[in-house]
Amino acid sequence: MSARVDGNALAGILSEYFRLDTTSAIVQCSGCGTRAALARELVYPDPMGFVVRCERCEDVLMIVVDAPGGAWLDLRGVDGVQFRG
Amino acid sequence: MVETRIQTPSARSIQLDVPGWPGNIAGQHLDVRLTAEDGYTAVRSYSIASVGDGERIELAVDRLPTGEVSPYLVEELRAGDQLEVRGPLGTYFVWHPTDTAPVQLIAGGSGIVPLMAMIRSHETSGSTVPFHLLYSVRSPRDVFFADELRALAESPHLRVTYVYTRQAPPDWPIAPARITTAAIAADAFSREENPVAFVCGPTGFVETVADIMVGLRIFAPLTIKTERFGGK
């Protein structure tokens with residue numbers, strides 16, 4: 001498995017599906033309530049996808065799977081996402 | 001690919017002509033996708049060293065010994081070869097010439113690349129915002145963009161300071177060592193100047209530096225922007 005990186009690494013895959021850049025969007029952790037830009041969160045590249053963990057409490061926020069038929073976004077640890085236009 | 005230039009014993013810069021490239025902001029990156037003959041693909045992100053309009057862009061890539069993509073880009077890619085790229089990407093780790101806060105840049109190794117784009121943008125835009133670059137390298141020959149940085153550091157608005165971790169120049173006053181709190185404190189702006197910071201390099205380096213910076217209480221935590229390359 002690759003070493004930990006951060007949410008900046010998600011800009012490419014998510015740009016395929018979102019019109020706005022997602023890495024400046026604010027993500028709220030449902031575990032600890034921390035709000036941070038996606039770019040600041042901890043990202044663990046894994047063969048099955050990118051596992052995104054909260055920069056504060058390290059709970060899993062989301063898993064981004066780049067599947068052949070399209071992306072799957074598992075948002076299990078996210079209360080909400082704030083986009084800024 | 002148009003041309004390459006050797007930057008360090010393990011890295012080179014790569015000029016690409018990308019038809020339809022919309023230009024990019026300083027600090028943005030792109031994804032490179034390589035596809036093997038058997039259909040296996042590998043995607044990696046690389047920061048863009050160039051900035052502004054035009055379809056000619058520059059990357060600088062360090063060869064990772066166990067990498068799947070970087071050895072190809074550093075050793076095998078030839079002028080005329082085609083690459084599949086996606087970008088420009090990212091709006092978080094970026095600097096705009098209209099930004100007014102003093103800027104502290106801290107690079108570890110190839111982490112200089114997006115910061116170089118910021119320094120170039122600062123220079124070409126005529127910005128007079130003070131820039132400090134603290135650049136950690138193994139040895140003098142591991143400095144990317146060495147000649148250009150030497151020339152740009154003539155500007156009264158840019159200060160460049162090196163930290164050597166393995167081998168320093170002969171007359172260097174400090175023994176080679178990992179970046180320290182003292183080195184960061186010595187290069188820092190005062191809290192009253194409300195500086196912002198961009199830190200880029202290997203994950204361990206970035207997290208160590210960011211922790212030191214938060215501890216110094218010069219920067220509000222949210223004004224320290226980081227980009228982790230992974231690796232050691």
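In what order do the strands of the open sheet of chain B stand, and is their pairing parallel or antiparallel? In this predicted model, the open sheet of chain B comprises 5 strands in the order 9-8-7-10-11, and the pairing is parallel. Strand 9 (158-164) and strand 11 of chain B each have a single partner strand and stand at the edges, so one side of each lacks a neighbour in the sheet. On average, neighbouring strands of the sheet are turned by 10 degrees against each other, direction ignored. Strands of a sheet pair through backbone hydrogen bonds. Between strand 10 (residues 196-201) and strand 11 of chain B, the parallel pairing extends over 5 bridges; Phe198(B) has Lys225(B) of strand 11 as its bridge partner.

Helices accompany the sheet. Helix 2 (residues 112-124) of chain B packs on the sheet and touches strands 7, 8, 9, 10 and 11, its direction making about 155 degrees with that of strand 8. Helix 5 of chain B lies across strands 7, 8, 10 and 11, and runs at about 155 degrees to strand 10.

The contact between the chains involves 20 residues of chain B and 18 residues of chain A. Together the two chains bury about 1400 Å², of which 46% is on carbon and sulfur atoms. In chain B, the most area is lost by Arg86(B), Tyr92(B) and Arg228(B), which together account for 41% of what that side buries. There are 3 salt bridges between the chains; in the one formed by Glu16(A) and Arg86(B), the closest N and O atoms are 2.7 Å apart. Strand 11 of chain B gives the most to the side that touches chain A, with 4 residues. The residues of that side of chain B divide into 7 nonpolar, 8 polar and 5 charged.

How values were computed: Residues numbered from 1 in each chain as written. Chains lettered and ligands numbered in written order. Predicted model: local features only at pLDDT ≥ 70, side-chain atom pairs only at ≥ 80, totals over all residues. Heavy atoms only, no water. Contact = heavy atoms within 4.5 Å. Buried area = accessible area lost by both parts, 1.4 Å probe. Salt bridge = Lys/Arg side-chain N within 4 Å of Asp/Glu carboxyl O. Helix = DSSP H or I, 4+ residues; strand = E, 2+ residues; numbered from the N terminus. Nonpolar A, V, L, I, M, F, W, Y, C, P; charged D, E, K, R; others polar. Pairing = 2+ DSSP bridges. Axes fitted to C-alpha atoms, helices over the stretch in contact; angles between N-to-C directions.
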